[in-house]
Amino acid sequence: MGEHFHIEKYFNDHFFINATLLQLEKDFSECGLQIEFQNRNYQGIDELIQHIAPALENIMTKNFSSYLNLLYRIDLPESRIRKETGLRSNEPLNFIIAELIIKRELQKVVIKEMYIISVYLLILP
């Protein structure tokens, strides 16, 4: 993840949060995992972290190979996880990883939207 790209301003943006939910569902599904979001009115990433962290703990303990596939699919390097867990050793691992996953998925969504807008602007006469 590029450290120069800041996504903080999108953490509470309803459009980007909903797009991130769709991206999460897609990537979990592609790895044979299921995650459900009954509530589509999340106010920000903190609520998403609270929702995803317990599911991740379950996946990490019961289906570790799918968990690793999920990290690969999302493009979340193990080195990034090690770095964050080293800096935040007093926090539960599943919450740290949930936050990293959500931030990475949000980043992908924002970049995709920026690309779509730039392409649209290029084709305007």
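## Pro92 and the H4–H5 loop

Pro92 is partly exposed, because its relative accessibility is 43%. Partly exposed covers the range between buried, under 20% relative accessible area, and exposed, over 50% (1.4 Å probe, protein chains only). Pro92 sits in the loop between H4 and helix H5 (93–123). Helices here are DSSP runs of H or I with at least four residues, numbered from the N terminus. Pro92 and Ala53 are 39 residues apart in sequence, yet 9.1 Å apart in space, C-alpha to C-alpha.

The model is predicted: local features need pLDDT of at least 70, side-chain atom pairs count only at pLDDT 80 or more, and totals for chains, interfaces and linings use all residues. Residues are numbered from 1 along each chain as its sequence is written, and side-chain values use heavy atoms, with hydrogens and water left out.

## Helix H2

Helix H2 covers residues 45–62. Its 18 residues should span 26 Å at 1.5 Å a residue, and the end C-alpha atoms are 25 Å apart, which agrees. The expected span is 1.5 Å times one less than the number of residues.

H2 bends by about 30 degrees at Ile52. The bend is the angle between axes fitted to the seven residues ending at a residue and the seven starting there. Buried residues in H2 are Ile45, Leu48, Ile49, Ile52, Ala53, Leu56, Ile59 and Met60.

The axes of H1 and H2 come within 12 Å and cross at roughly 10 degrees. Axes are lines fitted to C-alpha atoms, for helices over the stretch in contact, and angles run from 0 to 180 degrees between N-to-C directions. H1 and H2 are therefore roughly parallel to each other. Angles under 35 degrees count as roughly parallel, over 145 as roughly antiparallel, 65 to 115 as roughly perpendicular, and the rest as oblique. From H1, Ile17, Leu21, Leu24 and Phe28 meet Ile45, Leu48, Ile52 and Ile59 in H2. Contact means heavy atoms within 4.5 Å.

H2 and H3 pack at about 120 degrees, with their axes 5 Å apart. This pair is therefore oblique. Here Leu56, Ile59, Met60 and Lys62 of H2 meet Phe64, Tyr67 and Leu70 of H3.

## H1 against H3

Helix H1 (residues 14–30) packs on helix H3 (residues 64–74) at an angle of about 130 degrees, axes 9 Å apart. That makes H1 oblique to H3. The H1–H3 crossing is right-handed. A crossing is right-handed if the near helix is turned clockwise from the far one by less than a right angle, and left-handed if anticlockwise. In H1, Lys26, Asp27, Phe28 and Glu30 take part, meeting Leu70, Arg73 and Ile74 in H3.

Ser66 belongs to helix H3. Ser66 is buried, with a relative accessible area of 10%. Leaving out residues up to four places away in sequence, Ser66 touches Cys31 and Leu33.

Asp75 lies in the loop between H3 and helix H4 (78–87). Asp75 has a positive phi of about 70 degrees, although it is not a glycine. Most residues other than glycine have a negative phi. Asp75 counts as partly exposed, because its relative accessibility is 44%.

Tyr10 is in the segment before H1. At 12% relative accessibility, Tyr10 counts as buried. Beyond its neighbours within four places in sequence, Tyr10 is in contact with Phe16, Ile17, Leu106, Val110 and Met114. Tyr10 and Lys103 are 93 residues apart in sequence, but their C-alpha atoms are 9.8 Å apart.

Glu84 lies in helix H4. Glu84 is also buried, at 11% relative accessibility. Not counting residues up to four places away in sequence, Glu84 touches Ile96 and Leu100. The C-alpha atoms of Glu84 and Ile97 are separated by 8.7 Å, with the two residues 13 apart along the chain.

Key:
Helices (H or I, at least four residues) and strands (E, at least two) are DSSP runs, numbered from the N terminus.
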